[in-house]
Structure formats: C-alpha cells, structure tokens
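Here is a short note to read beside the model. Take the points in order, and find each residue in the viewer as you go.

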Amino acid sequence: MKSSARAVVIGGGVVGASVLYHLAKIGWTDSLLIEKSELTSGSTWHAAGGMHTFNGEANISRLQKYTIDLYREIEALSGQSCTLHPNGGLMLAATPGELDSLKLIRSRARYLGMETEIISMREALEYNPLIDEQYFIGALWRADGGHCDPSGTTHAYAKAARALGASVERFTRVESLRQRPDGSWDVVTDKGSVHAEHVVNCAGLWAREVGRMVGIELPVLAMEHHYLLTEDIPELKGRTREIVNTTDYAGEIYMRQERGGALIGTYEPNGIVWSPQRTPDDFAMQLLPDDFARLAPYFEVGFQHFPALGRVGIRKAVNGPFTFAPDGNPLVGPVRGLRNYWVACAVMAGFSQGGGIGLVLSQWMASGDPGQDILSMDVSRFGSFATPKYTSVKVPENYARRFRLAYPNEELPAGRPLRRSPIYDRLREAGGVMGANFGLEHALWFAPPGVAPLETPTYRRSEAFAHVGEECRAVRRAVGLYETTNYGKYEVTGRGARAWLDRVFACKIPRPGRLGLAPMLNAAGRIVGDLSIACLAEDRYLIVGSGFAEEFHLRWFWQSAPPADVFVRSAASTLAGFSIAGPRARELLARLTRIDVSAGALRLFDVRETAVGYAPSVLTRAGFTGELGYEVWTTPDFFATLHDDLCEAGRDLGLVHFGGRALSSLRLEKAYGSFNKDFRPDYTPGETGLDRFVDFGKADFAGRAAALAERAAGPKRRFVVMSVEARDAEVIGYESLLHEGRAVGYVTSGAYGHCIGRSLAAGYVPTALVRDGERFEIDILGELCPATIHLAPLYDPEGARLRS
C-alpha cells in the first residue's frame, strides 16, 4: 500500500467508487480508496439498483440525470458492464392530490429537458400490464431511468478510476485519523499509515464511526429495508421489452421486472432502525433476518394493486440496512472546523445520485466550489440541533414517507417542538400554526378565535388562505408583529473586523449607526448569501441572514479565515427579535422608546442601541414587507417581556401577529427576492438584481473578478416577478416558464398577493425577454396559466410607504 496520497476515500460502495473516479478524472490521479472488506460489501451489494431523475430539487434532478448518462462513459472506459436496463418509469396516482404531484413533476421536467408525460391508466397498462387499474386515476411516464447491476456499476467506477491512475486497497481497515498542523491527515490502517492531503468519508453504514474518528457526530442512521423477488410471472412471458419501473404512491410500493419475475419493495410505516448506536465492524456482505409477519400487510397492498405478483411464489426475500439523513437527502461537503475533511454519506439513492455526488465533490475539493447549487445536499443544512436523539426520530419518519407526497404546506411532527423561543407558548395561544426552520419553531399563520389551528395538506389553496389574507391586509392597514428569531444572526467583533468584512462581502461596509444590504459571493461570482450588516461600532457588527443557512454561513466565514483580531460567533441562541411593520409602526414604537423615531431622526437603514420598553435592544429601521418597518433584537431573557410590551402598546392601533405565509405574500408584492427560494449559489449579482448593492469600486472582495466580468458582459438571465392568471393554486417552485410554447425559464417562488388581488410568481427568464408586460405561460398542476412580467413592484412601486 502506498504511503501518501492526494486524497484518501474511505469506503468502497458506489459513492466512494464514484468519488474516486471523479477525483482521478479531474487530474487527482494520486488518490486512494480504502475499503475494509470487498467493494460493495456494505449496503451497495444488496441494493435494488433503481435509477431515476425524480427529485423535488431541480439541481438534484440534473445531477441524477448526469449519473444515469455517465454509466455508458464508465462502461466504455472500464470495459465493465453496468448491466443497464434503461426502461424508464411510471409513477401511479390514486387520488387527486397524488395526480397534482405528478403534474408538478411534469411541469418541472419541461425546463430540465426530461421527457415525461401524464398518461391515462389505459396507456399505463402498455408499459406495465401487471397494474390493476381500478386503484388508480392517472400516471406519469418518464423516459429516463430504469435499473442497473449494483456490483457491476460499482466495479465499473473503480476500474475506470484505476485506468486513470487511481488506486484501490481492499480488505484494509481504517483505525484512526490524525490531523497534522498543516491540515493534512495521517490515515492509520491495519496495514500502515497513509499521509493524505484530503480525507473523504464515504463509509456508508460506518459513516458515523469515521465521523467519530475526528470528533463529529453525523446525523446518519440505518433502517432495515425489505424487498421481494418473485418467481416467474406468466403475464410477462413473450414480451419483447421489460415492464417499466413502477412507483405506487398509494400502496407505498415500488416494483420492476427481474428476469422473468418481479422485484417489489416497500417503505413501510413504523420501520425498524438497525444498529442505532454503532455499526458492527464485522458486518460485510450480510443480510438481516426476514420479518414477514410485520411486513405482510404492506406487501398485501402491493399484491392487490399488482395481482399477478400475488399469484406466484416468492423466490427470495432481501432485508438489508441502508443509511438515511433526517430529511432523506445525502450529506455532502466539507465540515466546519475540519480542514480537508469531506463527507459523502447517507446516500440512499446511490445509483441515481452517486455519479452527481462524485462530480460536485471532486470539483469542490479541487476549486473550493461544487460548481452548482447543492444546498439541499450540503452537510451544513444540519446544525447542532441534529443530535442523535433528533436523528433517531426524524429518520424513521422520513423512511415511512419516502413514497408519500410532500405537500408544500405540510409540516412533519416528529422531533417537535425542538427549539423554542421564549414566546412559543404565547404565539400558540394567539392561534399560531407553527413550522420549523433549522429546528426552531416559528409561526406560519394565525388561526382567528373559533378557527382550529389546523391545515389540510394540499398543492392548492388551503383553508388558511383567507386568514393569511387578513394578516396581510392588517399589516398594510395598521401594524403587524412578526417574530424574526428564526433568522440567522452572527456577531463579528475585533479591531480587524471592518477590513475582514470588506473582503468577505461584496457591498460597502456601513459606518457606525447604519445598516447595509450585503450580498456575499463565491470565487465564481455566485450568490452564497443575501444578508444585512448593522455596524454598531467600528469594531462591532451584527449580521442577519436566513436561518436555515446558519451553519452554511458559519462555515463560509470560517473558510474565509478571519485573522487573529477578528471574532465571529453565532447569535442564534443569544438574540431574539421582532419585525414591526405597517403605517402605524412608528406610532407603536414611539410609545416604548425614548429616542426620537421620527422620519428625519431615524432614517431608513439607521441603527440604534436603545431600550424598547423594558428590553435593552438593537433597533434598526428595516423590514421585508415594503411598509414602514423596524426590527428589534434583544436577548432571550427580555424577549417575552418585549412581546407583552409591544402587544399592550399596540392594542388600540390594530396590532396583529402575522406569520411566514403573510410575509411571503407581502415581499412578492414588493418584488423582493429571498435567499434559498430565489437567490441561491446558481445565480449571480446581475441575474438576481443584487448587483445594485455591490461596491464595484472596492479593491478586493470575494468574487470580484467574476462579478466585474458579468457586469461588462451583462447577465444572461434575470430575476423577475410576474402576475399569474391562476385559478386555485399558486406556484410552488421550479415550474417551467413557457414563451411561445417553449420552456425558457423556471419559477423560484410564489404566493397570492392579497393586497393587490393577484397570484404572483418569481423566477428567471432570458434577459432578452425581460420586458414590462412580456407574456409567458406557467404550467401549474397541468394547467397552462398566463403570466405577465412587471418590472416595477405591483404594490407601492415608488417605495413611498417604506420611506415614510
């Protein structure tokens, strides 16, 4: 075994083999994969080998398509067959809600260039004659996907990597990892040590153990998963092509052809966690005992929906463990505080996603940038809240819902409430219907007295629609109170703080007493943050951004190497806040503070440290509704008292609580974009419109060269807000935008504008089509809805109310 390597990949499943191949492909041929047993010996060898492009995130769908397309390349390079069965797929709908889900997939696929079609059950039977059509009302056919041989595919990756110069060491156990002062690693094995610049944890079932070697607890847990192989099915004899891979939402079943029979699997409720504390060292090429008594009711549903399967015997049962993260998506990327340590684990759909993960991780390792937006896969989407107990309840919840619909207005209950602000109970008493963001409870909307604080999951307008509308109108009419504790908050202090922030952010850093809107770019000039910076003093700053991105931004700050005289820390648990918005906001605030809050004394983006009621606070004149507004930050011990003071002072002013749904409506009426929904690492300052906050005159900042190049050439696409002639549903995200019948862009977010009486959608279209009044169509749940670009906000286009 070699004694040094550019990178050591730990784990020889399909993901580890893909990472090795992609590292070799970019020129890191001095890379080594270490596997404690035989390749594929963990979860890979017993996988069903399904492959598809379906994912709720457009970028992940693209990576899955890349994975499937890659197989021909590695076959040619390695000479190893993947035994591909590219027979496409069917997704079956038994209810109108399920059919809406398929229509949304179809809309998203248009722009991605993926061939899909909503078909009748009669047409579905041509692809899979085993279906009993009485249980279903429609189907989605997709051309991509199929299945492959798990062992052959993994070995094709490994052989292709070797052909490019990389190495593989089997039957070699990693015993410990030791980091040197220069950030490189000593990988200690039972056959000697390897000095590596980088280490990649692709250890699958043992990802937790390899994480613990460096002092981290990854939120990963294994679940038992069963599938059955049937004996030959007479109905399949004589067919010239395989039946397509079929997903049955209602039955929570997947099935495909396997030789002359079928493979049928289920993601059942009340699944069984496997090895919750520690994965056995000697587990290799093993299956788990069958559990037919527990699973029989779920497979019986499959035999009803596909009757031919119930008329033949079972040839083989497979029960093996697979790993999951709490939300079911992979964990990929670098870990804050651990230089040159990378993870690629919890990859349940390894034969759909493994190639794409290898691609982005190799790019990330080589250039510091994954090359595209992978926020939904990024390991940083989980913070310290993702404890082992949290993981132990969320993973089984996600497992049981793998083939259930994920409605856009649905909040999952397991592990909640977890993080609660001091006013959680007060908001619940006020009718608050809660969601969770980065583990923290926050209000989505408020049920009026006499209305149950419940909402039916749906893709269309729910019973909350009217109540959210009243919250919006109350804010525009009088004054509203929104809790902002779920925002990301960071304190930056020290003598070198201004100079460091000036390099990290693309904006002009504000002077003491002022706040600035602050885009943050990566080296490629793409948006990695849309934050605000409040300068409290020359050596003290409060930065506010998206709550879900707290760990993502903390890692970015750490990677930006603050010098010894700069201190960065999260204020997530040490500051809580409110947004006060509406034409009577100043009147309310004046009752609780002694400073002059008149328009001339406290201007837009001014910052003051002052008492608000009893609470010592940071007060900024800013907001996200387009109304006269303020944000108030205080410490948690004063927060409940501050809430009570504000409610008492605003009682005769018409003060109302409002939630996140109303905020989404209000911001889109003002054409404000939002990080994560509208602004992500796929987009540039010019595309998003955030270039107006970039200080191009600065000598240096991250992404400056790329931003200047875009400024000279002009953006290829632009962020726009459109009114939509929608009937009973708003856009959700990633629906295709059509112009003259051709998909030219996609939607990023949407809401009903209750104060202007129109459905609104935000998204990106080619710059050449960005004209006021330009007409498009949006495929909303199968209906082509006319949409019109508005270059000025539809509410208060001059911004007079914001500046009042």
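**Notes on cysteines, a buried glycine and helix packing**

1. Start with Cys535. Its closest cysteine sulfur belongs to Cys507, and the two sulfurs are 11 Å apart, which is too far for a bond. A disulfide needs the two sulfur atoms within 2.5 Å. Keep in mind that this is a predicted model.

2. How many disulfides does the rule give? The count is zero.

3. Are Cys535 and Cys785 buried or exposed? Cys535 has a relative accessible area of 1%, so Cys535 is buried. Cys785 is at 3% relative accessibility and also counts as buried. The cut-off for buried is under 20%.

4. Next, look at Gly629. Gly629 sits in strand 31, which covers residues 629-634. With 5% relative accessibility, Gly629 counts as buried.

5. What does Gly629 touch? Leaving out residues up to four places away in sequence, Gly629 touches Ile580, Ala581, Thr620, Arg621 and Ala622. Now pick out Ala499. Ala499 and Gly629 are 130 residues apart along the chain, and their C-alpha atoms are separated by 30 Å.

6. Now turn to the helices. A pair of packed helices is described by two values: the angle between the axes and the distance between the axes. Helix 2 spans residues 58-78, and helix 5 spans residues 150-163. Their axes come within 9 Å and cross at roughly 55°. That angle makes helix 2 oblique to helix 5. The crossing of these two helices is left-handed.

7. Which residues make the contact between helix 2 and helix 5? Helix 2 supplies Thr67, Leu70, Tyr71, Ile74, Leu77 and Ser78. Helix 5 supplies Thr153, Ala156, Tyr157, Lys159, Ala160 and Ala163. By class, this contact of helix 2 with helix 5 has eight nonpolar, three polar and one charged residues.

8. Helix 2 also packs with helix 9, residues 350-367. Here the angle is about 100°, and the axes are 7 Å apart. Helix 2 and helix 9 are therefore roughly perpendicular, since the range for that term is 65 to 115 degrees. From helix 2, the contact uses Ile60, Leu63, Gln64, Tyr66, Thr67, Leu70 and Tyr71. From helix 9, it uses Phe351, Ser352, Gln353, Gly354, Gly355, Gly356, Leu359 and Val360. By class, the contact of helix 2 with helix 9 has eight nonpolar, seven polar and no charged residues.

9. One last thing to check in the viewer. Thr67, Leu70 and Tyr71 of helix 2 are among the residues that meet helix 5, and they are also among those that contact helix 9.

Notes
Residues numbered from 1 in each chain as written. Predicted model: local features only at pLDDT ≥ 70, side-chain atom pairs only at ≥ 80, totals over all residues. Heavy atoms only, no water. Axes fitted to C-alpha atoms, helices over the stretch in contact; angles between N-to-C directions. Helix = DSSP H or I, 4+ residues; strand = E, 2+ residues; numbered from the N terminus. Parallel < 35°, antiparallel > 145°, perpendicular 65-115°, else oblique. Left-handed = near helix turned anticlockwise from the far one by under 90°. Contact = heavy atoms within 4.5 Å. Nonpolar A, V, L, I, M, F, W, Y, C, P; charged D, E, K, R; others polar. Buried < 20%, exposed > 50% of the residue type's maximum accessible area, 1.4 Å probe, protein only.
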